[in-house]
Amino acid sequence: MNDLITILSSTISAGTPILFALVGDLIGQRAGIISLNVEGCMLVGACAGFMTAATTGSLLLATLVAMIFGGLLALCQAFLAITRKRNMMASGFILNFFAVGLTTFFGRNFLGRSLGADFTWDIPILCEIPVLGPTVFSQDPLTYFSYLLPILAWFFLTRTKSGLLLCSVGEAPEVTEACGYHPKRIQYAAVIAAGVLAAIGGVQMSTVYTISWANDMVNGRGFIASAVVVLCAWKAERAYIPAYIFGLAQALQVFLQVKGVPISMYVTMMMPYLMTLAALAIISISKKPAMPEKLKIIS
Amino acid sequence: MKKLFACLLVLCLCLSLVACDSAEQGEAANSGKPGAGATKMGIILGGSRDDYGFNYSFVSLAEQVEEEVGIEVVFKENVPQNSDYEGVVEELIAQGCTIIFPTQFGYLEYTKALADRHPEVAFYSIPITDYNGGNFSTIHGELQEPWYVMGALAAEFSETGKLGFIGSMPIPDVIVAVNAYTLGAQSVKPDIEVNAVFTGSWADTGLQTTSCNQLIDAGCDVIAPFQDTIKTIVEICDSRDVHCFGCNADAYELNPSTWLSACENAWGGFIPVLKETVAGNYECVDMRGGFEMGLSDIATLGDDIPQELKDKTMALRQSIIDDEIHVFEGPVIAQDGSVVFEEGYKPTTEEINLINVLVKGINGTLN
């Protein structure tokens, strides 16, 4: 029972930052723009959020500040990829390096700072359920929000006019334009939303998951999120699967070592990537992914 | 008029280059040996010096160099382990650094090329290498002694009898550390259990968090990391009310009550060598040692350690210096029951660094 709690708890905490970035990039990709810069947005969010939380003790304020900075970095991507029509992969990639430098410089004074606050918020009654209570319902507000995020994103993209418009830009922007809307504006909004959500993933990582700030702490999670958008076939409601597969694999990577399971350490180290790749392969052979038309041009 | 001005400018630049060249040549002619008369030393780090771990230990080196040798220290941080590093060192040399201190394994190849190109510059490298020779020296603090003392301290301090170790990669230094840590713990409690996990990364805070939490869930109440950045581990241990060690540097100030101690890179043995180099008496060295040579040590002991235990720990340290205890003295038995060192055998440092198995009592794998 305790082992199950350990694995579930580790899976949720490791998967949550990826879930935010994944849903964010998915929204951007549905509008036809790949935001490789979600890695940088996560980093900027982690840094700005930690600095704010350590200074004010408020998770809400930390999240808001992270969203602003994540959104600003995404604005750069939007400007380069949409207005200036630069290669979206290259601009996203370069922005990540920019984010590493920026956060290393500004976060320096907070490398040794403690947060001094615990943002865990147990949900009454539910937190007493065996196994699920101490894992699913004994988390922080950002993690609770992440539980709902894919459903909210699914609802937005498939059941609201704005969401359908956003998807139409990713499929046929000329049609959107013919209907009297501005595709570029919609793309701008989608890319900024991707950055904002990734930044929330970053602030969750620094203030709740690892409760510390370290240089380049996101360590490729944004890239993974960006890659596994394919895994959920651009359907927001499927975002839980790749995010928690990655979280589970990372949890098992350590768990198998702790339990002394006779399996090569190198196999356990590969596990998060192996499981994600396996899932990608299964998806790609079982069903044709619903890739937005605009993305097919660059793939 | 503009053309005349441009011509004058070009002439001035050419003259200044000639002047610089002759000045540099004159300096080199006077210096004789590498690093002679140095006024600046460059330290090149792979990460940030504020990581409270490996890179942070060089801040202490810089302080000692500036205070005791009287030369300026220039830091270059986050330098990638590729050919960019050569450009960074060339820049330092152009700034007047005639002593260079690279700190990463990944710099070795480039450092060798730089050492060949700049015979007037003294290079001191941390990682052990065959490139040692000429103006390329190595300074390597051995880890087994401090880690042994840490293991003994952990065993005394632990109430559950389970210790956690979060390793990075299974490289010789890390293998020596976890083995010495276990042998130290077993010297106090022969049945103690050491749970070792390897993250495959030097500073993935997410994996550090997962590892730390799972080790604590498994009953470990003392965590020892071999990671570059240890801040996250200190925070997680603090939030879970267990104690932890640091790694490579004295980061006691981070959290004196959660902190137990650390294996610290010490520089006491290096400073006299550096003084000789600055005085024009450079000799190529391959320094390897622990407590006695002043190249590694035990960091400040934490506030939660009772005074009696602190005294015992320092007494153990002294016993090692006095050669009463040899960390890897046989019998040393591997996990599979095979004999690593026969009873009574005292292995050399080279033999210790070649161990590629975990000792009995460790719950973990290298394969």
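The model is predicted, so local features need pLDDT of at least 70 and side-chain atom pairs count only at pLDDT 80 or more, while totals for chains, interfaces and linings use all residues. Residues are numbered from 1 along each chain as its sequence is written, and chains are lettered from A and ligands numbered from 1 in the order in which they are written.

Chain B holds eleven helices and 15 strands; helices (H or I, at least four residues) and strands (E, at least two) are DSSP runs, numbered from the N terminus. Of its 367 residues, 49% are buried, meaning that 20 or more other C-beta atoms, placed from the backbone, lie within 10 Å of a residue's own, whereas 12 or fewer makes it exposed and anything in between partly exposed.

The chain splits into domain 1 (32-141 + 267-289) and domain 2 (144-262 + 299-363), with bounds from an automatic or database domain assignment. Their C-alpha centres sit 29 Å apart. Nine residues of domain 1 of chain B are in contact with twelve of domain 2 of chain B (C-beta atoms, placed from the backbone, within 7 Å).

Now for helix H3 of chain B, residues 84-94, where B:Tyr85, B:Val89 and B:Leu92 are the buried residues. They end up on the same side of H3(B) because they cover an arc of only 55° around the axis, judged by the directions from the helix axis to the C-beta atoms. B:Asp84, B:Gly87 and B:Ala94 are exposed on the other side of H3(B). Among the elements covering the buried residues of H3(B) are strand E1 (40-44) and helix H4 (108-117) of chain B.

Note on methods
Two residues are in contact if their C-beta atoms, placed from the backbone, lie within 7 Å.
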